[in-house]
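Good morning, everyone, and thank you for making the time.

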Amino acid sequence: MHLKYESTLREPLVNGVKDYHKVTEDIISPIEAKPGKLWYVGFFISLTLLAFGAFSVTWEVYYGTGVWNLNKTVGWGWDITNFVWWVGIGHAGTLISAILLLFRQGWRTGVNRAAEAMTIFAVMCAGQFPIFHMGRVWMAFFVLPYPNTRGPLWVNFNSPLLWDVFAISTYFTVSLLFWYTGLIPDFATVRDRAKTKLRKLLYGVASFGWTGSTKHWQRHESLSLVLAGLSTPLVLSVHTIVSFDFATSVIPGWHTTIFPPYFVAGAIFSGFAMVNTLLIITRKILHLEDYITIGHLDAMNRVIVLTGSIVGCAYLTELFMAWYSGSQYEFAEFYKYRAAGPLGWSYWIMMTCNVITPQVFWFRKMRRSVMVSFIMSIIVNIGMWFERFVIICTSLYRDYLPSSWVYYRPAWPEVGFYLGTFGLFFTCYFLFAKYFPVIAVAEIKHVLKTSGQNFKEKMTPYEEQDAEKFAHDQAHAH
Amino acid sequence: MAAKNFVVGCFDDEAVLFPAVKKVRAAGYKIHDVYTPFPVHGLDHAMGLRETSLHTAGFIYGITGTTTALSFMSWVFTTDWPLNIGGKPHFPLPAFIPITFELTVLFSAIGMVYTFCYLCQLAPGVKKHVFHPRQTDDKFVMAIEVTGKSNAEEIKSFLASVGAQEINEQRAETGWWYGRFDKDDTLINERVTPLNA
C-alpha cells in the first residue's frame, strides 16, 4: 500500500484509470501522430499574421517611427501598451511553476509546462515592442553596458528603462532555463520510445543524453527547487520594474506608489486568463481532459477572481487618492480624462472586463464551466489590454499644456505590429503543442499515486476505517 | 571510460523497488545506479547517496552576480565617468538595487544550470547507455555491477527473489560519449577488452 496519499476529500489531479505507462501514452502520443486539420489551419493563420507583422515592422523600420500615430504628447501608444500586456501575460507561467511549487500546490503539475511555454513566447513578443520603438533598431545594442568608443559613455543605471532591459532579459533567460531543465527528462521519454530514426536523433540531441539516474534526479530536484526560489522574487520584480517605468515619472496618473503591487496583481490576472484560453483549447484538441481537469480550471479561476479583485481595489484606491491627495492634476486626470473625456470609453471597458465580470467566479458552477471560463479568459485579456491603454494613453493625451492635448488612435503599422506578435506567439505555441510534451510527464507520474483517481479510490476503504483500527492494522503490517 | 558488465533488473513498482534496494545493498552487491522515469523521493537515501551541494554552488554564483553588478555600477558612476544626472548623487544605492537583484538571479540560474549539466554530463550530442528503453517510461531499472568477486548468475537469482521482473546481463559503457541515439555504437564497447577475456 502506498501510504503517502492525499485525502479523498480533495478531488483527483489525474482522472481516469491510469498507470505510469498510460500517462506516457496519453501525453507523448500526440507528438508521434500527424497533426489534425485544425492544427494546420491554426498554424497557417498564425504564420499569416506573423508575416503581416513582419511587413508592418519592416515598414516602420524603413520609414521611421513617424508612420505610427505617436506624437509629441502621446509618445507611448499601442507599442508600450502591447509591451506591458505581453509581459503581464508572461507572468503566469513562472508564477505557476515557481510560486505554486514553493506553496506545494499539486495542481500546478498539469499546467506548468504549457504555462511556462506561454511565458517564454509572451516575453518574446513583449520584447519586440521596446526594441522597435527605438526607431533606429540597428542601434538597439546601445542599451547594453559594453566598453565603447564613445568615452566609454555608459548607460544610465538610474533609469527604470534600463532596469527593464535587465529585468526582461533576466526573466526570459531564467524562464527558458527553468522550462528546458524540466523538459530534458520528458524529451528522453520521447526519445526512448521513438519508432522513427529522425525522431530518435532529434529528441536524442534535445534530451542531452538523459538516462534517469537517481543521482541526476536528485540534482534535478535540487535545481528545480532553487530555480523556483529564485524565480519567485524574480517574477514579482519584473512587473514591479515595468511599473517603475511609469511610477518614477511625474505624469499625473503614473506617479503613484501603488503601482508595483497593482501591476503584479494585474499581470497574474491577465496571465492566468491567457493560460485558461490556451489550455481550454489544448486539452480539448489533444484530449488531455484527464490531466487538465475541471478542478484545474476551478483553481485558476479562483486565482483570477482574487487577482481581479486586487486590481479592482487598486482602481478604487487610485480614484480615492486622486481626490484625497488634493492634487488638482491628479483629480483632473482621473475624474475628467480617464473616467470621462474623449478616451473615457476605454476606462469603462477596463472596469467592466476586469472588475465586474470576473465576479461571476465567486460561483462554483461558473468556475467549473469550461465555456464560462473560456469566455471570461478572453474578456479578462481584453480588459487587461485596456488597463494598460488607459494607464498609458489617457495620462498622456491630456498633459500639463492644454495646447498639446490630442486624441490618439493607432495607425495601421501599429495594429499590424500587434497582430504580428499574435502570429509569433501562436506560431510558437502551435509548434510547441505539436513537438513538445505539453504536460510535464515525469511530474505527473510523481503525483500519480498520491492524487490519481484510481489510486485515490483504492484508499476509500482505509478512509472509512476507524482510526484506531487502522493504526492497529498498520502496527502489525510489517 | 571503460565498459563494465552489469546485471540489470527491472521493477514495475517503486513500492517493490525500495525494499529491493535495501536487500541488494545488505547482500553486499554494488548498485551501479537505479534509473527511474521520475524522481522517486527517498531513493537517493536508500541507495546511500550523499546530498547534492548544487544549491551551495547556486548561492556562490548568486553572490558573484551581486558583487559584479554593484561593483561595476559603482565603478562606472563614481570613477570611470562620474555623470551628473539631475543633480543626483554619484552613488545612488537604491537605484542600483533592481539591476543588482536581476544579476544575482541571472548569475545564479545560469551558473546552476551549467553546473548541473556538467555534473550530470548532459549536453546536446551526448550519448549514454540506456539499460532499458522503458526506464524513462514506467520501469525502475537497477543495474548491478558484476565485479571480479561476484557471480552474475547469483545476482540474477537474487534480483528475482527481491521482485525484479525482467533480468538480463549487459556489457555497457559507464560514461558518456558523443553519439547519435538513432545509431548503435557497438565500437565503443569493443574498444575495451572484455573482462572475462
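This is a predicted model: local features need pLDDT of at least 70, side-chain atom pairs count only at pLDDT 80 or more; totals for chains, interfaces and linings use all residues.

I will go through the two chains in turn, then the contact between them, and then a few single residues.

Let me begin with chain A, which has 18 helices and 0 strands. Its radius of gyration is 25 Å, close to the 23 Å that the globule rule gives for 478 residues, so chain A is as compact as a globular protein of that length. Along the principal axes, the C-alpha trace of chain A spans about 85 × 55 × 45 Å. Buried residues make up 49% of the 478 residues in this chain, and, among contacts in chain A between residues at least 6 apart in sequence, 83% join residues at least 24 apart.

Now to the nonpolar cores. The largest nonpolar core holds 152 residues, and of these A:Met118 and A:Val275 touch the most other members. Helix H6 of chain A, residues 160-192, gives the most to this core, with 16 residues. Apart from that core lies another, of 24 residues, and B:Val7, B:Phe11, B:Val24 and B:Phe131 are among them.

Let me turn to chain B, which has 6 helices and 6 strands. Read from the N terminus on, the elements of chain B run β-α-β-α-α-α-β-β-α-β-β-α. Why is chain B described as more spread out than a compact globule? The radius of gyration of chain B is 25 Å, which is well over the 16 Å that the globule rule gives for 197 residues, so chain B counts as more spread out than a compact globule. The C-alpha atoms of chain B fill a box of roughly 80 × 35 × 30 Å along the principal axes, and buried residues make up 38% of its 197 residues.

Chain B is divided into domain 1, which takes in 3-51 + 129-190, and domain 2, which takes in 54-119. The centres of domain 1 of chain B and domain 2 of chain B, taken over C-alpha atoms, are separated by 44 Å. An unreviewed UniProt entry places the feature "transmembrane region" at residues 57-77 and 97-119 of chain B. In the model, residues 57-77 of chain B are 100% helix and 0% strand, with the end C-alpha atoms 30 Å apart, while residues 97-119 of chain B are likewise 100% helix and 0% strand, with the end C-alpha atoms 32 Å apart.

How do the two chains meet? The contact takes 57 residues from chain B and 56 residues from chain A. On the side of chain B that touches chain A, the elements that each supply at least two residues are strand S2 (31-35), helix H2 (43-46), helix H3 (54-80), helix H4 (93-119) and strand S3 (126-128). The largest share of that side, 16 residues, comes from H4 of chain B. By class, the side of chain B that touches chain A has 39 nonpolar, 8 polar and 10 charged residues.

The peptide bond from A:Gly151 to A:Pro152 is cis, with omega near 0°, and A:Pro152 is found in the loop between helix H5 (108-133) and H6 of chain A. A:His287, although it is not a glycine, has a positive phi of about 55°, and its place is in the loop between helix H9 (259-285) and helix H10 (294-324) of chain A. Is A:His287 buried or exposed? A:His287 is exposed, because 11 other C-beta atoms lie within 10 Å, and 12 or fewer counts as exposed.

In chain B, B:Gln121 also has a positive phi of about 55° although it is not a glycine, and B:Gln121 sits in the loop between H4 and S3 of chain B. B:Gln121 counts as partly exposed, with 15 C-beta neighbours inside 10 Å. B:Pro19 and B:Glu169 are 150 residues apart in sequence and 22 Å apart in space, C-alpha to C-alpha.

Note on methods:
Residues are numbered from 1 along each chain as its sequence is written. Chains are lettered from A and ligands numbered from 1 in the order in which they are written. A nonpolar core is a set of buried Ala, Val, Leu, Ile, Met, Phe, Trp, Tyr and Cys residues joined through C-beta atoms within 7 Å. A residue is buried if 20 or more other C-beta atoms lie within 10 Å of its own, exposed if 12 or fewer, and partly exposed in between; C-beta atoms are placed from the backbone. Helices (H or I, at least four residues) and strands (E, at least two) are DSSP runs, numbered from the N terminus. Two residues are in contact if their C-beta atoms, placed from the backbone, lie within 7 Å. Ala, Val, Leu, Ile, Met, Phe, Trp, Tyr, Cys and Pro count as nonpolar, Asp, Glu, Lys and Arg as charged, and the others, Gly among them, as polar. Domain bounds come from an automatic or database domain assignment. UniProt positions are given in the numbering used here, feature names are shortened, and annotations may be inferred rather than shown by experiment. The radius of gyration is taken over C-alpha atoms; the globule rule is 2.2 Å times the number of residues to the power 0.38.
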